[in-house]
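Here is a short report on one protein chain. Please look over the sequence and the model before reading on.

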Amino acid sequence: MTLSTALKTGDLTALPSRRDEDWRWTDLRGLLRTLPPAAPAHDGEVPAGPFAGLADAEAVFVNGRRIAGTETTSGVVALRFVALADQASQGASHALVVKPGESLVLLESHEGRAKGYVSDVALDIAVGEGASLERIILVEDDAEAINVVTAEVALAPGAKFAQTVLTSGARRQRIETRVSHPGAHADARLDGAYLLDGQRHADQTTVVTHAGVDGTTSQLTKGMVTDQARGVFQGRIVVSPGADQTDARMGHHALILSEKAEIDAKPELLIFADDVSCAHGNTIGALDEQAIFYARQRGIPEAEAKAMLTVAFVGEVVERIEHDGARAIAAAWVAKKLGSPE
């Protein structure tokens, strides 16, 4: 059951619902009563993306159609999915292969420059033996949009995959990443940050399946919700039989800054092997009132103090971004979203 199937066939029964365990907090069937018409082709100018000037090459999808792009498997590549049609539906898919021994930085942006659209993006990513990929995803959807982004990532022995998701949510939004991990000294890092206000919703779901010996995974997700927003974190690490000496760590930590905001978290470790080192942690709370008090004693207004503390809280995720330019843009994005001086 997927949104992409519904967009292709028009069959709303293909939509996931709260009866599906992995979708119980991101119900699409109960929300979508009809599908909007397909987005028209766009042949005009496209505004610059959030990572403008950082990439060696760029692939651009507008309203679900690829309008520009050059193929490369190394260096720095911008991958943009832009919505420019109001009340329309769009679907796009893209495959990316990083060849053995090569290194790629993927600056991926999902840009909601229209109102009330429905979008589905499917990515198929393969990272070759000894290759490395850093994927930085910045998602800025319209408040009334529905957006699902799904990535299937296959790692070869000795591959390195690092990912950071930054999002401000939508009416319904799900960013899902599934990693096939071979062990064999491959390494995966999956990080994320969600900053939600109004009635926005963001679902960050990950599944990492370790299939062989000597693999590592680290995961850190941090979030903030206020007003009537809802954050969802689902992280699952599976250590298959025979995947001994796996080292897997997962942490999700979030702040709730209003009484009507909500966070649903489900971190899971499914371990079917011996001689492993695995752990997960999950904390949900409020800002430190004592820290706010001390800041106000030093003449800092309460709103600014809260923004500064939240920026520092989320900053740990941003600091783990390896690409300098992307890290700077991510830090500026977080500061702007939280109303804090950069």
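Is Lys 266 buried or exposed? Lys 266 is buried, because its relative accessible area is 18% and the cut-off for buried is under 20%. Keep in mind that this is a predicted model.

**Salt bridges**

The count comes to 24 salt bridges. Three of them are listed here.

| Pair | N to O distance |
|---|---|
| Glu 21 and Lys 266 | 2.9 Å |
| Arg 236 and Glu 268 | 2.9 Å |
| Asp 324 and Arg 327 | 2.7 Å |

Glu 21 is partly exposed, at 41% relative accessible area.

Arg 236 belongs to strand S14 and Glu 268 to strand S16, so this pair joins parts 32 residues apart in sequence. Arg 236 counts as buried, at 18% relative accessibility.

Asp 324 and Arg 327 both lie in helix H4, 3 residues apart, about one turn of the helix. Asp 324 is exposed at 54%. Arg 327 is partly exposed at 27%.

A network of salt bridges links Glu 134, Lys 160, Arg 189, Asp 191, Arg 320 and Glu 322.

**The sheet**

An open sheet of 7 strands runs in the order S4-S6-S8-S10-S12-S14-S16, with parallel pairing. Strands S4 and S16 are at the edges, each with a single partner strand, so one side of each has no neighbour in the sheet. The twist averages 5° from one strand to the next. Strands S8 and S10 pair over 9 bridges.

**The largest pocket**

The largest pocket holds about 260 Å³ of space. Its lining has 3 nonpolar, 4 polar and 8 charged residues.

Key: Residues numbered from 1 in each chain as written. Predicted model: local features only at pLDDT ≥ 70, side-chain atom pairs only at ≥ 80, totals over all residues. Heavy atoms only, no water. Pairing = 2+ DSSP bridges. Helix = DSSP H or I, 4+ residues; strand = E, 2+ residues; numbered from the N terminus. Axes fitted to C-alpha atoms, helices over the stretch in contact; angles between N-to-C directions. 1 Å grid on protein atoms, 1.4 Å probe; cavity = no way out; pocket = protein on both sides within 12 Å on 5 of 7 lines; lining within 4 Å. Points joined across faces, edges and corners; volume = space filled by probe spheres on them. Nonpolar A, V, L, I, M, F, W, Y, C, P; charged D, E, K, R; others polar. Salt bridge = Lys/Arg side-chain N within 4 Å of Asp/Glu carboxyl O. Buried < 20%, exposed > 50% of the residue type's maximum accessible area, 1.4 Å probe, protein only.
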